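Me: Here is a model I would like to go through term by term. For each label, set the value against the cut-off and then conclude.

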Amino acid sequence: MNYPKNVYIIICEGPSEKAYLQELNRYLEDNDYPVTIVPKTINNGHFKPAQIKFNEVKKQNPKDIIYIWVDKDTYIRNDEGDGEKYNKKPKNIPDFHFNYHNFEDFLAMHMPDDILSNWQEICRKKNHFNKPLHANIYEPLYKQNIINDYEKGSMPFPITKEQIINALKNQKDTSVLFKSDFLNLLDDLIKK
C-alpha cells in the first residue's frame, strides 16, 4: 500500500549517522512504514555547530519537524564547553536526542546479545560509563572486538527487522548500559 509519507529531518553528527539513516530509510521503505527521514549532517556533534545547523535547516524548512541527534560523550566531558552550552541552550533549540555515549555504542545495541554484552564489558572495564572514552581509544577496541572492518562513514551491515527489534529491546533493558534517545524517537515514528 502507498500511504502518504511523514517526513522528518534529522540533523546528525556526520557521515556514519547519515549512512545509518539512509540504510534505515531503505528498511522503512521496504517494510511499508509511512516514514521518510532526511539526514542533514553537521560534521561534528559539538553544541555550537549543531545550533547553527538547526537554525539554518529550520530557516529553509520552517514547517518541517526537525530533530537533532548527536553523541552525549562530548557533553558529559564538557569538550568545548558543550555540556554548559547545552544546559543554557536558547528556547528555540529543541532538546537533543543523544546516543549514550557514542554512535558505535548505538550500533552495538542492534547486535546479538553476546556481542553487545562483550562490548558492554569492555566499556565497563575502561570506565566508559562514568567517563566516556575518546574515539582514539574506543575505535580500535571496537574494530578488534565488534566489527573488524568497521570504518567511520559507512554502514557496516544492512538493517533488518531483527536488528531493530534488538535495538528497541536493548533500549528498554535496564541491564544494558548503552542507550539512545534516537531509539525512543524511532519507536514512536514506526508506531504512527
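Reply: A salt bridge is counted where a side-chain nitrogen of Lys or Arg lies within 4 Å of a carboxyl oxygen of Asp or Glu. The model is predicted: local features need pLDDT of at least 70 and side-chain atom pairs 80 or more, while totals for chains, interfaces and linings use all residues. Residues are numbered from 1 along each chain as its sequence is written, and side-chain values use heavy atoms, with hydrogens and water left out.

Me: What makes the pair Lys89 and Asp95 a salt bridge?

Reply: Their side chains meet at 2.9 Å, N to O. That value is within 4 Å, so the pair qualifies.

Me: Why is Lys89 called buried, and how is Asp95 classed?

Reply: Buried means under 20% relative accessible area, exposed over 50%, and partly exposed in between, with a 1.4 Å probe and protein chains only. Lys89 has 19%, so it is buried. Asp95 has 55% and therefore counts as exposed.

Me: How many salt bridges does the structure hold, and how do you know that Lys143 and Glu151 form one?

Reply: There are 14 salt bridges. The closest N and O atoms of Lys143 and Glu151 are 3.1 Å apart, which is within 4 Å, so this pair is counted. Lys143 has a relative accessible area of 31% and is therefore partly exposed.

Me: What makes Asp30 and Arg26 a salt bridge, and where do they lie?

Reply: Their N-to-O distance is 2.7 Å, and this passes the 4 Å limit. Both residues lie in helix H1, 4 residues apart, about one turn of the helix. Helices here are DSSP runs of H or I with at least four residues, strands are runs of E with at least two, and numbering starts from the N terminus. Glu23 joins Arg26 and Asp30 in a network of salt bridges. Arg26 has 32% relative accessibility, so it is partly exposed.

Me: Why is Ile11 called buried, and what does it touch?

Reply: Ile11 has a relative accessible area of 0%, so it falls under the 20% cut-off and is buried. Ile11 is in strand S1. Contact means heavy atoms within 4.5 Å. Beyond four places in sequence, the contacts of Ile11 include Lys40, Phe54, Val57, Ile66 and Trp69.

Me: What makes a set of residues a nonpolar core, and how many residues has the largest one?

Reply: The members are buried Ala, Val, Leu, Ile, Met, Phe, Trp, Tyr and Cys residues joined through side-chain atoms within 4.5 Å. The largest core has 45 residues, and Tyr20, Leu24, Trp119 and Phe182 have the most contacts inside it. Apart from it lies another core of 15 residues, among them Ile11, Ala50, Ile93 and Phe98.

Me: Why is Tyr138 called buried, and which residues is it in contact with?

Reply: Tyr138 has 3% relative accessibility, so it counts as buried. Tyr138 sits in helix H7. Leaving aside neighbours within four places, it is in contact with Asp73, Asn102, Glu104, Trp119, Leu133 and Lys152.

Me: What makes an open space a pocket, and which residues lie nearest the centre of the largest pocket?

Reply: On a 1 Å grid over the protein atoms alone, a pocket is an open set of points where a 1.4 Å probe fits, with protein on both sides within 12 Å along at least five of seven lines; lining residues have an atom within 4 Å of a point. The largest pocket is lined by 18 residues, with Glu13, Gly45, Asp71, Tyr138 and Lys152 nearest its centre. Helix H1 (15-30), helix H3 (73-77) and helix H7 (135-145) each give two or more residues to this lining.

Me: Why is Asn166 called buried, and how is Lys5 classed?

Reply: Asn166 has 12%, so it is buried. Asn166 lies in helix H8 (residues 161-172) and is in contact with Met109, His110, Met111 and Pro112, neighbours within four places aside. Lys5, at 33%, is therefore partly exposed. Lys5 is found in the segment before strand S1 (6-12).
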